[in-house]
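Please keep the sequence and the coordinates in view while reading.

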Amino acid sequence: MGIVRLTPPEARRVALAAQGFHAARPPTAGPRHLAATIDRLGLHQIDSVNVLVRAHYLPAFSRLGAYDIALLDRRAWGPRRDRRLFEYWAHECSLLPLALHPLLRWRMARADRGQAGYTGMRIFATERRAEAMALLARLRDEGPLSASDIQTGRAGWWEWSEPKRMLEWLFYAGHVTTATRRRSFERVYDLPERVIPPDIFSLPDVPEAEAQARLVDLSARALGIATASELRDYFRLGPADAAVAIARLVEEGTLLPAEVPGWPPAYLHRDAKIPRRVSAQALLAPFDPLVWERTRTERLFGFRYRIEIYTPAAQRQYGYYVLPFLFGEELVGRVDLKADRAGSRLIVHAVHWEPGVAQGAMEALGVELSVLAGWLDLDELNITASFIDKIKA
């Protein structure tokens with residue numbers, strides 16, 4: 001089998017197309033468009049930070065423009081008949097299409113044996129299993145419960161209570177799943193058979209090797225072109241498991257070995273598109289799959305990106321909640337944003353442009369900010385003086 005050779009701009013366009021940025025946004029984004037975006041990406045990473053909007057809502061906005069957030073909520077946490085998504089640990093905790101549930105049961109089984117999950121949870125697979133099973137029995141008898149429904153003390157911001165740790169192990173091991181989320185975004189747990197639609201829940205488990213190969217296939221489709229570490233990172237597979245899956249997909253012709261100057265050895269998905277040009281315009285969540293792997297982002301775009309929400313204010317370089325701005329085929333700027341819901345304002349704290357910004361980027365950002373404000377039902381776009389100065393510069 002020959003090696004596919006691509007230039008860095010070609011590789012960048014492959015990645016953008018695989019992520020859905022090669023196509024124009026629909027005039028009106030409806031259920032069909034949202035479903036196609038979710039299937040293309042394979043997951044929406046969940047994050048509870050709500051300074052702008054919770055991160056799992058943003059990838060669809062970046063690709064589709066304004067869409068009905070309530071539609072995503074119904075697919076994720078609505079009545080069982082409306083469910084199209086479930087929560088589980090994939091690339092961190094994520095919303096995933098229901099079709100992936102059988103492909104992740106091997107991970108649940110490993111967690112059940114104490115071979116996966118955070119170290120502090122694994123004790124509930126062994127020495128303290130009886131306690132966790134007693135909590136599971138309570139859920140079975142009483143119905144959906146959250147950690148706050150059953151915890152006896154007040155846990156700190158960074159500390160899980162004992163019931164929370166037990167519930168999270170039960171969640172990782174597949175004994176419970178997310179029934180809904182409360183207004184505070186607290187997870188409410190229930191038995192999977194009462195949440196997952198029966199046509200999915202009744203599907204047979206997929207053997208580990210087969211499931212991992214299919215997950216790597218999904219990763220490769222979503223990335224277009226990727227290194228081995230990037231393919232395994234998408235669904236957080238172990239190096240040995242991913243290596244076996246990649247070798248299998250190469251042998252089957254699904255993955256094509258590829259060379260890109262300046263890249264480690266890479267793989268191109270056989271169905272990847274190589275557009276002649278991409279004319280994208282989007283603000284990207286810090287956890288968008290186009291940019292979540294920071295080394296890949298730097299290699300694709302020459303753009304070093306870090307989220308600074310955990311950095312002391314005085315040490316931040318760009319701001320608290322900074323979104324990269326994609327214009328054309330390049331990441332051209334960083335925008336520090338906040339939704340002031342009480343004042344109905346989208347606040348633009350700062351914009352930092354990359355050197356040599358393409359003509360039209362500043363105007364395009366203004367349009368995108370207006371669309372974002374409208375999507376979030378914010379009446380005013382509040383732009384700081386520093387941003388105005390940078391536009392004039």
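The largest nonpolar core comprises 105 residues, and Leu52 and Leu337 are those with the most contacts inside it. Such a core is a set of buried Ala, Val, Leu, Ile, Met, Phe, Trp, Tyr and Cys residues joined through side-chain atoms within 4.5 Å; buried means under 20% relative accessible area, exposed over 50%, and partly exposed in between, with a 1.4 Å probe and protein chains only. Another core, of 25 residues, lies apart from it and includes Ile225, Ala282, Leu284 and Val291. In soluble globular proteins, nonpolar side chains tend to be buried together.

The model is predicted: local features need pLDDT of at least 70 and side-chain atom pairs count only at pLDDT 80 or more, whereas totals for chains, interfaces and linings use all residues. Residues are numbered from 1 along each chain as its sequence is written, and side-chain values use heavy atoms, with hydrogens and water left out.

Leaving aside neighbours within four places in sequence, leucine 337 is in contact (heavy atoms within 4.5 Å) with Val51, Leu52, Leu283, Tyr321, Leu323, Leu346, Ile347, Val348, Leu369 and Leu372. Helices (H or I, at least four residues) and strands (E, at least two) are DSSP runs, numbered from the N terminus. The buried residues of helix α15 are Ala361, Ala364, Leu365, Glu368, Leu369, Leu372, Ala373 and Trp375. Its expected span is 1.5 Å times one less than its number of residues; for the 15 residues of α15 (361–375) this gives 21 Å, and the end C-alpha atoms are 21 Å apart, which agrees. Aspartate 377, with a positive phi near 60°, follows α15.

Consider next the sheets, in which two strands pair if DSSP finds at least two bridges between them. Strands β12 (residues 322–328) and β13 (residues 330–340) run antiparallel and are joined by six bridges, with leucine 326 opposite leucine 331 in β13.

A second open sheet, of three strands, has the order β5-β7-β6 and antiparallel pairing. Because β5 (145–146) and β6 (177–181) each have a single partner strand, one side of each is left without a neighbour in the sheet. Two bridges join β5 to the antiparallel strand β7 (residues 187–190), and leucine 145 stands opposite tyrosine 189 in β7.

Which aromatic pairs does a search of the whole structure find? There are twelve, where rings of Phe, Tyr and Trp (its six-membered ring) pair if their centres lie within 6.5 Å; planes under 30 degrees apart count as stacked, over 60 as edge-to-face and the rest as tilted. The ring centres of phenylalanine 61 and tryptophan 375 are 4.5 Å apart and the planes are at 15°, so this pair is stacked. Phenylalanine 61 lies in helix α3 (residues 58–64) and tryptophan 375 in helix α15, so the pair ties together parts that are 314 residues apart in sequence. Both residues are buried.

Tyrosine 88 and tyrosine 172 form an edge-to-face pair, 5.9 Å centre to centre with 80° between the planes. Tyrosine 88 lies in strand β3 (residues 85–90) and tyrosine 172 in helix α9, so parts that are 84 residues apart in sequence are tied together. Tyrosine 88 counts as buried at 1% relative accessibility, and tyrosine 172 is buried at 13% relative accessible area. Ring pairs link Tyr88, Trp89, Tyr118, Phe171, Tyr172 and Tyr189 into a cluster.
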